[in-house]
Amino acid sequence: MAQKLQPNLTATRREQPTNVRWLILAVLTLIMVVTAFGRLNLGISAKYLQDEFQFTTQTMGWILGAFAFGYALFQIPWGWAGDRFGPRVMLTLAMLGWAAFTMLMAIVPLGSRNHWWNLVWAFAIIRFLTGAGEAASYPNANRIVANWTTKSERGMGSSLLLAGVGAGGVLSPILFAATMQRWGWRSSFILTGALAATVAVLWFVFATNRPEENARINGAELAILERATPTPNRHSFRISGTPWRKIFSSRSVWGLIFSYVCHGYTPYIYFTWFFIYLTRVRGFTVIKGSLWGATPFIAMTLMAPLGGWLSDKAVVRFGRRRGRQSTASIGMTCSALLLWSGSHAANNIFAVLLLAAAAGFSTFAAPSWWATCIDLTPNHSGALSGLMNTCANMAGGIAPILTASIATSLGWTKALDFAALVNFAAAIIWVFVNANDNLEADADAGTLLPAKATSSVSRRPATNLQV
C-alpha cells in the first residue's frame, strides 16, 4: 500500500505549497491581541475606578487579581476540552463568553453602587469569569500550533502567540486612554467585548482543528507538515486518553511547571499595576503614562518572535534539551537583572526603558516553555499547556495582591526587586527540564488521525504522520 502512495507523494512535492498554516497562525495572533485587550483594560481604567469609587490600593489589588484566579483555574478544563473536542470550537465559545462578561463590567456599577462592598464583589466576580473565559486562549492556541507547525517551527509558532499579547499591550494604552478620555472608562470594556466577538466569528469561519480538515490547504503544504491526506470527513477526529500518570511522574514536567510559575508572576505586574506605577509613583500624566506604558509591550512584541526563532535554532545547534534550556535561562536572567536595575534607576525615562527591556527578555524566554509542552506531549499539548499555565497564573493572581502589599509597606522598589528575584528563580529551575523526554510512546506514529480515514492513509509510513 505504501508503494501505491509514493507517486501521489511525489506529485504533491511538485505543487507550489500553500501558506494556510501561516494564515491560521496570523488569526491566532489576532486572537491573542484581543485577549490582551481583555486583560489590560482594567489595569488602564483602574485609576478612574479608584477615583470614582474610592477604592484603596489593596482593594484594587484584589479586583485586579480576580482575573488571574479565574484564568488559572480553567486552564486545564479548557485545555482538555480542546484536545477532546477541538480547539476551533472551544476558542470560539470561550471568546464569545468572555466578550459578554467584559461588556458587563460597564453595567455592574448601575446596580451595585449603593453598597460599596457589593460593588467590589461584583467587579471581582465579573473579572473572575472574564479570566475563566480567556483561560481557553493559550492551551487551545498552543494545540493549534502543535497541529499546524512542523517540529522545527514550534518555537516560532508559539512565539507568535506571545507577540500577539505584546501587540495588544502596545495598542491597549493608546486605544483605551483615548476612548476613556472621550467616553469614560466604561467604553474600554464595551469596545473590547465587541472586538472579541468579531474576531471569534472570523476564527470560526476561517480555522480548522487540523490541516487535513482545511479545504484551502493543498497536498504540498500537507507534505511539509507531514500530515495525512485530506478526507471528506473533515470535522471528526478521535484522540487517545491523556497520559496524566506519565505527565505527573515526569521530572521535566515538574521543572517546566515550577519554572513557569516563577515566570508567570512578573507579567501580571505589567498587566495590572504598571500604568498606575507610572502615574502615581513616577509622576507621569495620564497621556504620557499611556504612551510610556506601551513600551514593555513593544519590547514583548519584538522579543517574542526573536526568542522563538532562537529557541528553534538552538535546538538544531545544541539539541532539544540544551537548546530550550539555554534560551529560557538566558532570557530570564537578563530579565531579572534589568528589572532590578529599572526599579533602582532615578531617571524616570531610563527606568521605564529598563523595565520595558525586562518585560521583553521575559517574553523572549517564554516560547521555550510553550514549545517544550509540544515537545513533551505533542498529541496532548493542550492539556499540558493548560496545566502549566494554571500554575503560572495562580502566581499571576497573587502578583497584584502581593505587589500592592509590598509596595504599601516597603515601597515600590522592594516590590519590583522581589519580582526580579522570582524571575531569576525561573532561570535556575530550567536545569531540571529535558525537552527530549517525549511522554508519548506512540507520538511519532501519530495518534491523531481522521476518524474515518481511508485505509491508504492509515497505512502511510509512520514518519509522515508526526504532529
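Q: What is the handedness of the crossing of H2 and H5?
A: The crossing of H2 and H5 is left-handed. That word applies if the near helix is turned anticlockwise from the far one by less than a right angle, and right-handed applies if clockwise. The model is predicted: local features need pLDDT of at least 70 and side-chain atom pairs count only at pLDDT 80 or more, while totals for chains, interfaces and linings use all residues. Residues are numbered from 1 along each chain as its sequence is written, and side-chain values use heavy atoms, with hydrogens and water left out.

Q: What makes H2 roughly parallel to H5?
A: The axes of H2 and H5 (residues 87-104) cross at roughly 25° and come within 11 Å. That angle makes H2 roughly parallel to H5 (under 35 degrees is roughly parallel, over 145 roughly antiparallel, 65 to 115 roughly perpendicular, the rest oblique). Axes are lines fitted to C-alpha atoms, for helices over the stretch in contact, and angles run from 0 to 180 degrees between N-to-C directions. Leu-28, Ile-31, Val-34, Thr-35, Gly-38 and Asn-41 of H2 make the contact with Leu-91, Met-95, Trp-98 and Thr-102 of H5 (contact means heavy atoms within 4.5 Å).

Q: Why is H9 called oblique to H19?
A: H9 (residues 154-183) and H19 pack at about 125°, with their axes 8 Å apart. That makes H9 oblique to H19. On the H9 side the contact includes Arg-154, Ser-158 and Ser-159, and on the H19 side Pro-367 and Trp-370 are among the residues involved. The crossing of H9 and H19 is right-handed.

Q: Why does Ser-159 count as buried?
A: Ser-159 has 0% relative accessibility, and therefore counts as buried (under 20% relative accessible area is buried, over 50% exposed, in between partly exposed, with a 1.4 Å probe and protein chains only). Ser-159 lies in helix H9. Leaving out residues up to four places away in sequence, Ser-159 touches Ala-304, Pro-305, Gly-308 and Pro-367.

Q: Why is Trp-309 called partly exposed?
A: Its relative accessible area is 43%, and so Trp-309 is partly exposed. Trp-309 belongs to helix H17. From C-alpha to C-alpha, Trp-309 and Arg-154 are 9.1 Å apart in space, although 155 residues separate them in sequence.

Q: Which residues of H17 and H18 meet?
A: Gly-307, Leu-310, Ser-311, Asp-312, Ala-314, Val-315 and Phe-318 in H17 meet Arg-320, Arg-322, Gly-323, Arg-324, Ser-326 and Thr-327 in H18. H17 (residues 295-318) and H18 pack at an angle of about 145°, with axes 7 Å apart. The crossing of these two helices is right-handed.

Q: Why does Gln-54 count as exposed?
A: Gln-54 has 60% relative accessibility and therefore counts as exposed. Gln-54 sits in the loop between H2 (20-53) and H3 (57-73). Its phi is near 60°, a positive value in a residue other than glycine.

Q: Why is H8 described as largely enclosed by the rest of the structure?
A: 12 of the 12 residues of H8 are buried, so H8 is largely enclosed. Among them are Asn-140, Arg-143 and Trp-148. From its first C-alpha to its last, H8 reaches 16 Å, close to the 16 Å expected at 1.5 Å a residue (the expected span is 1.5 Å times one less than the number of residues).

Q: Why does Thr-149 count as buried?
A: Thr-149 has 4% relative accessibility, and so counts as buried. Thr-149 is in the loop between H8 (137-148) and H9. A polar atom of the Thr-149 side chain lies 2.5 Å from the backbone oxygen of Val-145. Setting aside neighbours within four places in sequence, Thr-149 is in contact with Leu-25, Arg-154 and Leu-225.

Q: How do you know that the span of H13 agrees with its 15 residues?
A: At 1.5 Å a residue, H13 (residues 251-265) should span 21 Å; the end C-alpha atoms are 22 Å apart, which agrees. Of its 15 residues, 11 are buried, including Val-253, Leu-256 and Tyr-260. H12 (244-248), H14 (267-272) and H18 (320-344) are among the helices covering the buried residues of H13. At the start of H13, a side-chain oxygen of Ser-250 comes to within 3.3 Å of the backbone nitrogen of Ser-252.

Q: How many helices and strands does the protein have?
A: There are 22 helices and two strands (DSSP runs numbered from the N terminus: helices are H or I of at least four residues, strands E of at least two). Of the 467 residues in the protein, 61% are buried.

Methods:
A polar contact is a pair of N or O atoms within 3.5 Å; within protein, one must be able to donate a hydrogen and the other to accept it, and residues adjacent in sequence count only if both atoms are side-chain atoms.
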